[in-house]
Amino acid sequence: MAVSAVDFKSLKKSKDLLCIVILALIAILAFISRLLSVVRFESVIHEFDPWFNYRATQYLVNEGFYKFLTWFDQVSWYPLGRVVGGTLYPGIMITSGIIYKVLHFFNFNIDIRHICVFLGPVFSGLTSIATYLLTKEVCTRSAGLFAAAFVAIAPGYISRSVAGSYDNEAISIFLLMITFYFWVKSVKTGSSFWAACTALFYFYMVSAWGGYIFIINLIPLHVFALLLMGRYSQRLYVAYSTFYVLGTIGSMQIPFVGFQPATTAEHMGALGTFGLLQIVAFVHFCRSHLSSDSFKALLKRFLIVIFFVGVASFLTLQKLGIIDPWTGRLYSLFDTGYAKKHIPIIASVSEHQPTAWPSFFFDLHILVPIFPVGIYFAFKKLTDESVFIILYAFTASYFAGVMVRLMLTLTPIVCVAGGICMSYLLDNFLAVPKSKATVVKVEETEDIKEAASGTESAPESPASPASPKMANSPRMSKRKNEIRSNAKSTKKDDEPSVITVDVKFIVICSLSLVFFMYVLHCTWVTSNAYSSPSIVLASRNRDGSQRIIDDFREAYYWLRQNSPEDSKIMSWWDYGYQLAGMTNRTTLVDNNTWNNTHIATVGRMLASNEENAYVLLRKHDVDYALVMFGGAIGYSGDDINKFLWMIRITEGVYPDQVKEENFYNSRGEYRVDDSVSPTLRDSIMYKMSYYRFKDLYPNNQAFDRVRGTPVYSKPIQLSIMDEVYSSENLLVRIYKIKKPDNIGRSLQSAAKFNSGRRRKRNRKSRKSN
Amino acid sequence: IYIIFIENTPGRYKILDAYMSFVVMMGVIQFVYCFIIGKEPWATFLAGFISCVGSFVLVANLRIQSNPNNMKEFPKITPERSYADFFICSIILYLFVISFIG
């Protein structure tokens, strides 16, 4: 290839080939770097949410599509049940179901679990390709390769798409990028076919993730900005109106979305822009037939009036209740104090906190400083597409600043901007003023060498394709190149020693060093921070060997084996999906927090004293209660630490039953030692967590390793339930609710009777338990 | 305006314009009907109304793209291509509408 590089046609071919090879290597790299958790531990589903997706996928594969769409799940939200078909985004399940069917059609019999585990890595490979396409549309091909390489290993995206993280985000970032790609393409060409593709992928995105709101607001924003800038063109009309109509009717097909695009405030921006665009187009049409200049001033005033009328009618409709207001989850993005005050359940999730500076650097490394530079370049060469990139960058960085979780939507645009920046830099610093053919030859050979040296160097190798780009292969731009070299030489005459070869060399070296650091950083972060399954906890012994704490599965498996099929398990909602997925038993609440009152009821059970809790537990037919307790091994995410949130959520619904200040001791502290507040000491949660905890330690010196304090020294009486199982490290404790007393006493008095009269026997029976 | 319009427009576009005004009328009639009677089968109304809006928009696209005056803005799209695009988009639109009409 490189030998015959003199011929431009074959050169172009080899460049294409090179591009494909690099992209393929990037995609493979994206796949491989996500497999650390599978290699180290095992191929399992990781977090809480994916367990539900996994269960739903199993249902889809076993029962068929129609049953899946009309599935009424009786295993979750025990007294109520959940209409699953109408309350989830089915995109990810259907995707993996289709992959399953296709693979089985070719007799490649793979278990559905493996498809679920490896879906994230596969789609992140596709994401890097989509990012390449998007960046190529906006900037050059070399920028596309850079962006693809960045996004393949950016930790901000890896954190949501490691193998085993079978969550909606795994496929939806790909869909986001590909939708934007088609949108940019359709604005560029003005073809309604590309706009229809945008709408179809938008439909797919709606079926996959609730983040589709971002798309349906960003694209109208783009259109609106272009209108304001006076960049209206008929391409814009074609692209947006086709996209809006097809996308809206498409998004209404998803049962969970339903009529929302017609009735909620989130979608009204798109509708308003659509109406505005129609008016603008009509006025444009009239003007082309009239051709009068005084029309212009009139037009502008007219448009402004229309705009205000539109906003006013939107506000009145919202007041009248025809249009639903913002949902709380979305509203909390704009009024950042809103969630904490009114909906503690949103604020209680750690992902919904504002992002700190270090986490930006942790997740994006050098992309953070070069991101604004890329945006600057986009501003400098202002086209319709770069306006889109700029808007995307600004909105996404705002949202990522408000919520940790939205770092995910920021990462792709940061990579795109980084790619643009890098390609500009290398365009300027890799252009060596030599005779063309030799330059091309040299660069080409280097590229191939680098690309061939394996996946390790793939992230850096895109650094080089910038070079043939500037060397300008097609015959058409030959002249341009000459002009440019002329210009450069004149420039050199003006300022002789500014950009000499050695300066260029130094810049290139430092850039590649930075890339190298970026790769190292990404690999390090991926392996250390984001590749641990949360269902097994890994710790290291002193000699460096690994110790795995597998208490969750141990306890879940115990429940699966040793409890009746129809038993109901009460736990805090965090564990609902895992319980349903792994124990196959009925739960009261789970991670889909659609019914706040029910969650508050569970919180009230856990926060009240034995007597009241027992009434509630009996009313809900609870058989088992389960708490996580990390005091014995120092696992900080246990239920005692989450307890304050439970109390806050409960207090929002039952303000007269549960009060937060009662759970602080006399000095206003949240303590579990001897100064513990009596309400906390009496609560079920406290008793369940610390029941017989002291027996582990000699002479009453129980020490809680999470809170770092000794615990309450008097023995804890638990009369309404029996401890039936505690896992090896006391991480999961399962209690069975006692039946009511045979002769009608309250369980407390029965327990008192037993312990008072026959203390010895009682103790013996406990020991044998 | 009207006279200039009648004089300047070729026959092909007059057909398209007639179709567009017909679709607008249909949409208005549906809307008025919904306003008078009430929006009981809400999905059906939406499907009908959106199909009106959609076909209006798609024909408008076709008209814009195939207009020789707009050749500068759409360098790559020939009238045949725009017709094929119109065809594809309409198929997608009506598939969605039929599945939504329920």
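A residue counts as buried when its relative accessible area is under 20%, as exposed when over 50%, and as partly exposed in between, using a 1.4 Å probe and protein chains only. The model is predicted, so local features need pLDDT of at least 70 and side-chain atom pairs count only at pLDDT 80 or more, while totals for chains, interfaces and linings use all residues. Residues are numbered from 1 along each chain as its sequence is written, chains are lettered from A in the order in which they are written, and side-chain values use heavy atoms, with hydrogens and water left out.

Aromatic rings come next. Rings of Phe, Tyr and Trp (its six-membered ring) pair if their centres lie within 6.5 Å; planes under 30 degrees apart are stacked, over 60 edge-to-face, and the rest tilted. This rule gives 53 aromatic pairs over all chains. In one of them, the ring centres of Trp183(A) and Phe243(A) are 5.9 Å apart and the planes meet at 55°, so the pair is tilted. Trp183(A) belongs to helix α9 (residues 168–189) of chain A and Phe243(A) to helix α12 (residues 234–251) of chain A, 60 residues apart. Here helices (H or I, at least four residues) and strands (E, at least two) are DSSP runs numbered from the N terminus. Trp183(A) and Phe243(A) are buried.

Phe214(A) and Tyr392(A) also form a tilted pair, 5.5 Å centre to centre with 55° between the planes. Because Phe214(A) is in helix α11 (residues 212–228) of chain A and Tyr392(A) in helix α21 (residues 384–402) of chain A, this pair ties together parts 178 residues apart in sequence.

Both of these residues also touch Phe180(A): setting aside neighbours within four places in sequence, its contacts (heavy atoms within 4.5 Å) include Phe214(A), Tyr392(A), Leu134(A) and Phe388(A). Phe180(A) and Trp183(A) are among the residues that touch the most other members of the largest nonpolar core, which has 247 residues. Such a core is a set of buried Ala, Val, Leu, Ile, Met, Phe, Trp, Tyr and Cys residues joined through side-chain atoms within 4.5 Å.

The strands can be followed in an open sheet of five, ordered β6-β5-β7-β11-β10 (chain A), with mixed pairing. Strands pair if DSSP finds at least two bridges between them. β6 (586–587) and β10 (721–726) of chain A are at the edges with a single partner strand each, so one side of each has no neighbour in the sheet. Strands β7 (residues 624–628) and β11 (residues 732–737) of chain A run antiparallel and are joined by five bridges. Within them, Tyr624(A) stands opposite Lys736(A) in β11(A).
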